[in-house]
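Let's take a friendly walk through a protein model. Keep the picture open beside you as you read.

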Amino acid sequence: MTFEEILPHVDHTLLAATATKGEIEKLCEEAEMYHTASVCVPSSFVKEIRERHPGLRICAVAGFPLGNMSKAAKVFESRQAVLDGADEIDIVLHIGALKDGNAEYVTDEIAAVKEAIGDYVLKVIIETCLLTEEEKILACECVTKGGADYIKTSTGFSTKGADLSDIALFKKHIGKNVKIKAAGGIHTKKEMEDFLAAGCDRIGASGAVKAYLKEKGM
């Protein structure tokens, strides 16, 4: 694959606690210039991005990166983000509830966020590195039943990022209408190609544009 084929699948990402307005603006300019799928940013930046970049697709994270805040807090942050101009929401599911086997809570929380944002895209981060295989399968069921549009591997802020074996597992257990996003630790062109070939529709990456420019000698 060429980078021109890869970048339209990339959520160009900056989620660091130290991210400044200037760095977010650079991210947006790069996304527009190199035609990435979206920018993925903290929700506090969404309103200003929408004002400055009316045609840019914006993905905002909510309940990030731990996922263990209240359902009401996640719903509020997600709804406010779309009101501010976000097109997509990436939430972290309640990992502790999943580990307790409380599939009803996890599913209901996902469904509540989806109801709050309506037709806007919802991606659910399950943080694969913290889960057993059985818990990953349960997460697939919760994401599917909750009506999310995507299941996503990782925040990139825990002990490990995306793994190809998890993509294979997802494909066996998610519903037919649920797409896959891989994120965390994906830096090289080869890694992006491998995840897309494995069945991912999106890649969350902070270094995709940098890798593209390096390949071009820029």
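## A buried lysine

Lys-74 sits in helix 4, which covers residues 71-84. Please keep in mind that this is a predicted model. Is Lys-74 buried or exposed? Its relative accessible area is 0%, and because anything under 20% counts as buried, Lys-74 is a buried residue.

The side chain of Lys-74 has a polar atom that lies 2.6 Å from the backbone oxygen of Val-92. If we set aside the neighbours within four places in sequence, Lys-74 is in contact with Ala-62, Gly-63, Gly-67, Met-69, Val-92, Leu-93, His-94, Glu-109 and Val-113.

## Helix 4 beside helix 6

Two packed helices are described by the angle between their axes and the distance between the axes. Helix 4 and helix 6 (residues 103-117) pack at an angle of about 25°, and their axes are 9 Å apart. That angle makes helix 4 roughly parallel to helix 6. The crossing of helix 4 and helix 6 is right-handed.

Which residues make this contact? From helix 4 come Lys-71, Lys-74, Val-75, Ser-78, Arg-79 and Val-82. From helix 6 come Tyr-105, Asp-108, Glu-109, Ala-112, Val-113, Ala-116 and Ile-117. Sorted by type, the residues of the contact of helix 4 with helix 6 are seven nonpolar, one polar and five charged. You can look for a spacing pattern in such lists: an α-helix has 3.6 residues a turn, so residues three or four places apart point the same way.

## Helix 7 meets helix 8

Now find helix 7 (residues 133-145) and helix 8 (residues 164-173), whose axes come within 10 Å and cross at roughly 50°. Helix 7 and helix 8 are therefore oblique to each other. Their crossing is right-handed.

On the helix 7 side, the contact uses Glu-133, Lys-136, Ile-137, Cys-140 and Thr-144. These meet Asp-166, Leu-169, Phe-170 and His-173 in helix 8. The residues of the contact of helix 7 with helix 8 divide into four nonpolar, two polar and three charged.

## A threonine in strand 1

Next, look at Thr-13, which is found in strand 1. With a relative accessible area of 15%, Thr-13 is buried. A polar atom of the Thr-13 side chain lies 2.6 Å from the backbone oxygen of Asp-11.

What does Thr-13 contact, leaving aside its neighbours within four places in sequence? The list is Leu-27, Cys-40, Gly-204, Ala-205 and Ser-206.

## Phe-64 in a loop

Phe-64 lies in the loop between strand 3 (58-62) and helix 4. Not counting residues up to four places away in sequence, Phe-64 touches Leu-15, Met-69, Val-92, Ile-125, Thr-155 and Phe-157. Phe-64 and Met-1 are 63 residues apart along the chain, and their C-alpha atoms are separated by 32 Å.

## Helix 10 and its partners

Finally, visit helix 10 (residues 208-215), where the buried residues are Ala-208, Val-209, Ala-211, Tyr-212 and Leu-213. What do these buried residues of helix 10 pack against? Their partners are helix 1 (3-6), strand 1 (10-13), helix 2 (21-34), helix 9 (189-198) and strand 8 (202-205). Just after helix 10 comes Gly-217, which takes a positive phi of about 70°.

Terms used: Residues numbered from 1 in each chain as written. Predicted model: local features only at pLDDT ≥ 70, side-chain atom pairs only at ≥ 80, totals over all residues. Heavy atoms only, no water. Helix = DSSP H or I, 4+ residues; strand = E, 2+ residues; numbered from the N terminus. Buried < 20%, exposed > 50% of the residue type's maximum accessible area, 1.4 Å probe, protein only. Polar contact = N/O pair within 3.5 Å; in protein donor to acceptor, adjacent residues only side chain to side chain. Contact = heavy atoms within 4.5 Å. Axes fitted to C-alpha atoms, helices over the stretch in contact; angles between N-to-C directions. Parallel < 35°, antiparallel > 145°, perpendicular 65-115°, else oblique. Left-handed = near helix turned anticlockwise from the far one by under 90°. Nonpolar A, V, L, I, M, F, W, Y, C, P; charged D, E, K, R; others polar.
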